[in-house]
Amino acid sequence: MKKLLPTSTAGSLPKPSWLAQPETLWSPWKLEGDELAAGKQDALSLSLQEQQQAGIDIVSDGEQSRQHFVTTFIEHLDGVDFEQRETVRIRDRYDASVPTVKSAVSRQKPVFVEDAKFLRQQTQQPIKWALPGPMTMIDTLYDAHYKSREKLAWEFAKILNQEAKELEAAGVDIIQFDEPAFNVFFDEVNDWGIATLERAIEGLKCETAVHICYGYGIKANTDWKKTLGNEWRQYEEIFPKLQQSNLDIISLECQNSRVPMELLELVRGKKVMVGAIDVATHTIETPEQVADTLRKALQFVDADKLCPCTNCGMAPLPRHVARGKLQALSAGAEIVRRELAG
Ligand SMILES: [Zn+2]
């Protein structure tokens with residue numbers, strides 16, 4: 001019988017300090033050339049071991065070989081000029097200098113497939129691989145070519161589908177698309193956001209997930225959260241259509257968030273990765289706090305469809321904090337597993 005409440009993480013985990021500056025987004029690499037390539041592989045193995053030691057069931061590469069969850073993928077594509085930068089407003093929230101789309105976008109070679117094969121060789125456990133979603137990709141670029149968010153999203157969806165099919169062939173069990181932009185542009189999500197994601201997963205036999213969060217624990221995000229009021233109902237806008245979609249799993253932010261748990265009823269039938277670890281604080285949750293969040297979620301998610309998870313990626317956290325949080329996640333899940341068995 002399959003293990004109940006398999007634990008997982010939303011995505012990134014901290015990198016070792018010999019590979020990149022800790023506690024920093026877009027942290028520059030500390031190695032170059034062949035040393036960097038070898039260093040990324042060592043960090044991937046280390047990250048896997050840390051997840052295993054913490055008792056995580058569905059493991060990942062901890063995103064050790066990428067500088068950023070969106071830009072690293074885009075860097076490998078043709079049509080985007082990283083020298084020509086423009087300042088744009090990201091997620092309708094903060095300004096950032098981003099690369100420019102100058103001609104038709106395309107993928108000439110695989111981006112993460114070798115890394116996925118390397119991870120697959122090292123474990124029999126189910127593995128999950130994260131890719132950026134189309135809407136979040138276009139929201140992190142200046143488009144001087146298509147001049148249409150929707151058109152560019154469809155182009156990225158085709159490219160993501162090529163990559164996803166090769167990741168599946170490399171033995172990835174779950175392919176996850178990160179779409180924090182889904183929490184901001186509700187009309188676009190319903191008009192074409194979910195449709196482009198379905199294009200990205202076309203023909204896949206492995207499980208597919210979409211991760212929708214309130215962002216890393218950086219100041220622009222925590223300031224934004226303060227403006228959202230006592231009840232965060234953003235998910236309500238997009239859940240009905242997501243429930244009808246072909247995606248298998250929805251990954252959500254539930255720990256210390258003001259998302260009313262009953263909104264999960266709107267995606268009943270889907271698997272839910274319930275965020276039970278807050279990534280915006282260094283305070284490590286107790287197993288009982290994790291268990292409490294999972295119990296609340298179980299009112300609206302069937303037990304065989306619930307995966308305890310983190311709210312978002314943990315790249316910006318100190319390593320010992322991330323390790324402690326992973327252990328708390330496992331221990332909290334185990335408390336609830338025993339309750340369900342009893
Ligand atoms: Zn996230």
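A crossing is called left-handed if the near helix is turned anticlockwise from the far one by less than a right angle, and right-handed if clockwise. With that in hand, please keep in mind that this is a predicted model.

1. Let me start with the H1 and H3 pair. H1 passes H3 in a right-handed crossing. On the H1 side the contact is made by Gln 41, Leu 44, Ser 45 and Leu 48, and on the H3 side by Asp 115, Phe 118, Leu 119 and Gln 122. Sorted by class, this contact of H1 with H3 has 4 nonpolar, 3 polar and 1 charged residues.

2. Helix H1 spans residues 33-53 and helix H3 residues 113-122; their axes come within 11 Å and cross at roughly 45°. That angle makes H1 oblique to H3.

3. The axes of helix H5 (residues 149-169) and helix H6 (residues 186-200) come within 7 Å, with a crossing angle of roughly 25°. H5 is therefore roughly parallel to H6, since angles under 35 degrees count as such. The crossing of H5 and H6 is right-handed.

4. Who meets whom between H5 and H6? From H5 come Arg 149, Glu 150, Ala 153, Trp 154, Ala 157, Lys 158, Leu 160, Asn 161 and Ala 164, and they meet Glu 188, Trp 192, Thr 196, Arg 199 and Ala 200 of H6. By class, the contact of H5 with H6 has 7 nonpolar, 2 polar and 5 charged residues.

5. Now the sheet. Its 6 strands form an open sheet in the order S3-S5-S6-S7-S8-S9, and the pairing is parallel. Strand S3 (128-132) and strand S9 (306-309) are the edge strands, each pairing on one side only. From one strand to the next, the twist averages 25°.

6. S3 pairs with strand S5 (residues 174-178) in the parallel sense over 5 bridges, and the bridge partner of Leu 131 in S5 is Phe 177.

7. Thr 7 deserves a stop. Thr 7 sits in the segment before H1 and is buried, with 27 other C-beta atoms within 10 Å. Leaving aside neighbours within four places in sequence, Thr 7 is in contact with Ile 56, Asp 57, Cys 307, Pro 308, Leu 329, Ser 330 and Ala 333. Thr 7 and Leu 77, by contrast, are 70 residues apart in sequence and 33 Å apart in space, C-alpha to C-alpha.

8. Two backbone angles are worth checking by eye. Most residues other than glycine have a negative phi. Leu 5, however, has a positive phi of about 50° although it is not a glycine. Leu 5 lies in the segment before H1 and counts as buried, with 21 C-beta neighbours inside 10 Å.

9. The other angle belongs to Asn 256, where phi is near 60°, a positive value in a residue other than glycine. Asn 256 is found in the loop between strand S7 (249-253) and S8. How exposed is Asn 256? Asn 256 is partly exposed, with 18 other C-beta atoms within 10 Å.

10. Finally, Arg 233. Arg 233 lies in the loop between helix H7 (219-226) and helix H8 (234-243). With 12 other C-beta atoms within 10 Å, Arg 233 is exposed, as 12 or fewer is the cut-off for that class. Not counting residues up to four places away in sequence, Arg 233 touches Pro 260 and Leu 263. The C-alpha atoms of Arg 233 and Glu 23 are separated by 30 Å, and these two residues are 210 residues apart along the chain.

Terms used: Residues are numbered from 1 along each chain as its sequence is written. This is a predicted model: local features need pLDDT of at least 70, side-chain atom pairs count only at pLDDT 80 or more; totals for chains, interfaces and linings use all residues. Axes are lines fitted to C-alpha atoms, for helices over the stretch in contact, and angles run from 0 to 180 degrees between N-to-C directions. Helices (H or I, at least four residues) and strands (E, at least two) are DSSP runs, numbered from the N terminus. Angles under 35 degrees count as roughly parallel, over 145 as roughly antiparallel, 65 to 115 as roughly perpendicular and the rest as oblique. Two residues are in contact if their C-beta atoms, placed from the backbone, lie within 7 Å. Ala, Val, Leu, Ile, Met, Phe, Trp, Tyr, Cys and Pro count as nonpolar, Asp, Glu, Lys and Arg as charged, and the others, Gly among them, as polar. A residue is buried if 20 or more other C-beta atoms lie within 10 Å of its own, exposed if 12 or fewer, and partly exposed in between; C-beta atoms are placed from the backbone. Two strands pair if DSSP finds at least two bridges between them.
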